[in-house]
Amino acid sequence: MPAPVDAAVARSLAGAVPRSFWLDQPAAPEPLPALAGDVTADLAVIGGGFTGLWTALLARERYPELEVVLVEAKTVGWAASGRNGGFCSASLTHGIGNGLERFPGEMPLLEKLGEQNLREIGETVARYGIDCDFQPTGELAFATADWQLDGLDEEAVAARRLGHDVEVLDAPAARAELGSPLWAGGLKYTTGNALVEPGRLAWGLRRAGLDAGVRIYENTQATSLSAAPGGAGMRVRTPYGSVRAAKVVLAAGVPGGSLLRRIGAYVVPVWDYVLMTEPLSATQLDSLGWRDRRGASDLGNQFHYFRLTRDNRVLWGGYDAVYYNGGRIREEHAVRPATFMKLAAQFFAAFPQLEGVSFTHAWGGVIDTCSRFCAFFGTAHAGRVAYAAGYTGLGVGASRFAAQVLLDKTQGEDSERGRLTLVNSKPLPFPPEPLRSGVIQATRASIARADRNQGRRDRWLRTLDRLGLGYDS
Ligand SMILES: Cc1cc2nc3c(=O)[nH]c(=O)nc-3n(C[C@H](O)[C@H](O)[C@H](O)COP(=O)(O)OP(=O)(O)OC[C@H]3O[C@@H](n4cnc5c(N)ncnc54)[C@H](O)[C@@H]3O)c2cc1C
């Protein structure tokens, strides 16, 4: 029997529109015309999320002589890039712990390159005057159960060694950062993370790209990718035309697998869900005592992330990380009332002082999840195509680093980053369907059980740990 509906929680969601708050803005630009006819370029970029937008803009900055065309199936920033939490992390490895496990010898360099990347994102935003509320706040991580306190000291020591400014918080100190009865302690980083408004960042990069001479076509889906007749370069077909280009960057996330099958072995579409409250009153904001407006998350295996917006709303997302069996991406999955109810109930448990607050937006988006949790790279068609995918929920900042790698690869540049194991290795692939669905659903169930069971990992999770395989959002 389904659980009875909590009327107060349901009421808080009654007015929520099923759209990303970040894209539901008067500043949204008019769509650019679709590609009609055949065009040529030196570089064609497929996909207008952060990976594609950064690639196109950096291509014009690094190689002003290149003609660059970008095709986007819908509108720029429409997918994950306009639906995320807006945590712009310096980490290229989905966090320090994951990085130390998988690339221990490279972490000092990876962290240095990640910090440089984050700094340069801030500089780019300032240089082009992109109004996206870029705030280098650092971040907070809160333990909600005693088992989550284990390892915080070790993480702080490792992070300090890598140059971070981090403090371990006991329960009162954690609650002094942000008032919640749930916090048992936590970590406070003042480095390594900025908050942005992702929709406006995407639109700003689109504007900067256009001003720099990138030709952008929206509502233009690449329907095939093949060697151009005569062997010179590649041809990208679109519904009403084509792009012939010497080089192609495929920056399409999980759907990139339909143009280049090998990508599909490594990424699965995991749906992640987000709520946005109405703007808080001054009294409600005071009741939170949200010191320094730092972005935050909690430390369960199934975790929430939360932050303030410039007009004092609270974004609250995460936790469920849903894989729909078969892995087909359907836009109807962007609305999931059961998850919205769960998230809302968890929000009021974390912040009971906000009882009566309503949510104005509730949405979902696809995370390109791979088994090592951080982006992988590759080339195809004798080096004429380069691709990146697999950010696993931490691509807002890392996508710019990926763009630099993709340009190195397509333009034949030797670089420090191009020699990284992170860049030259792949995650373990997921098994094909229907085994894939079975493995993922078993893993999700085990992760939820671990959270209910003081973090104890069952035999299944321990086996996956030993194999270096993971599932996350
Ligand atoms: C709910 C949610 C919360 C998240 N929170 C965070 C966060 O706080 N911090 C963080 O770092 N990351 C977060 N992420 C992840 C982050 O949003 C992504 O890693 C990042 O946006 C990936 O950018 P991308 O350009 O690679 O992919 P996308 O943004 O998915 O862009 C790919 C684009 O390619 C286009 N495309 C696909 N196929 C074709 C085709 N055939 N032809 C033309 N165009 C095509 C799509 O329409 C899309 O616009 C979150 C993601 C979600 C869904």
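Author: Alanine 321 is found in the loop between strand E15 and helix H10 (337-350). Helices (H or I, at least four residues) and strands (E, at least two) are DSSP runs, numbered from the N terminus. The model is a predicted one, in which local features need pLDDT of at least 70 and side-chain atom pairs count only at pLDDT 80 or more, while totals for chains, interfaces and linings use all residues. Residues are numbered from 1 along each chain as its sequence is written, and side-chain values use heavy atoms, with hydrogens and water left out.

Phi of alanine 321 is positive, near 50°, in a residue other than glycine. Alanine 321 has a relative accessible area of 8% and is therefore buried. Buried means under 20% relative accessible area, exposed over 50%, and partly exposed in between, with a 1.4 Å probe and protein chains only. The areas come from the Shrake-Rupley method with a 1.4 Å probe; for residues, only the protein chains shown count as cover.

Asparagine 312 also has a positive phi, about 60°, although it is not a glycine. Asparagine 312 sits in the loop between strand E14 (304-308) and strand E15 (314-318). With 19% relative accessibility, asparagine 312 counts as buried.

H10 has 14 residues and reaches 20 Å from its first C-alpha to its last, close to the 20 Å expected at 1.5 Å a residue. The expected span is 1.5 Å times one less than the number of residues. Among the buried residues of H10 are Phe340, Leu343, Phe347 and Phe348. Their cover, by contact (heavy atoms within 4.5 Å), includes helix H1 (7-13), E12, E14, E15 and E16.

Two of these strands also take part in the shell around the ligand. Strand E12 (268-277), strand E16 (359-369) and helix H2 (50-62) each supply at least two residues of that shell. E16 gives the most, with three residues. In total 36 residues surround the ligand, and the closest are Thr51, Glu72, Ser81, Phe87 and Ala222. The shell divides into 20 nonpolar, 13 polar and three charged residues. Here Ala, Val, Leu, Ile, Met, Phe, Trp, Tyr, Cys and Pro count as nonpolar, Asp, Glu, Lys and Arg as charged, and the others, Gly among them, as polar.

A polar side-chain atom of serine 81 lies 2.6 Å from an oxygen atom of the ligand. A polar backbone atom of valine 396 is 2.9 Å from a ligand oxygen, and a backbone N or O atom of phenylalanine 50 lies 3.0 Å from one. Taken alone the ligand exposes 1,000 Å², of which the protein buries 95%.

Together with helix H4 (107-127) and strand E8 (215-217), H2 is included in what covers the buried residues of helix H7. Ten of the 14 residues of H7 are buried, so this helix is largely enclosed by the rest of the structure. The buried residues include Trp203, Leu205 and Arg206. H7 (residues 198-211) is followed by glycine 213, whose phi is positive, near 105°.

Definitions and conventions:
A residue is near a molecule or strand if one of its heavy atoms lies within 4 Å of it. A polar contact is a pair of N or O atoms within 3.5 Å; within protein, one must be able to donate a hydrogen and the other to accept it, and residues adjacent in sequence count only if both atoms are side-chain atoms.
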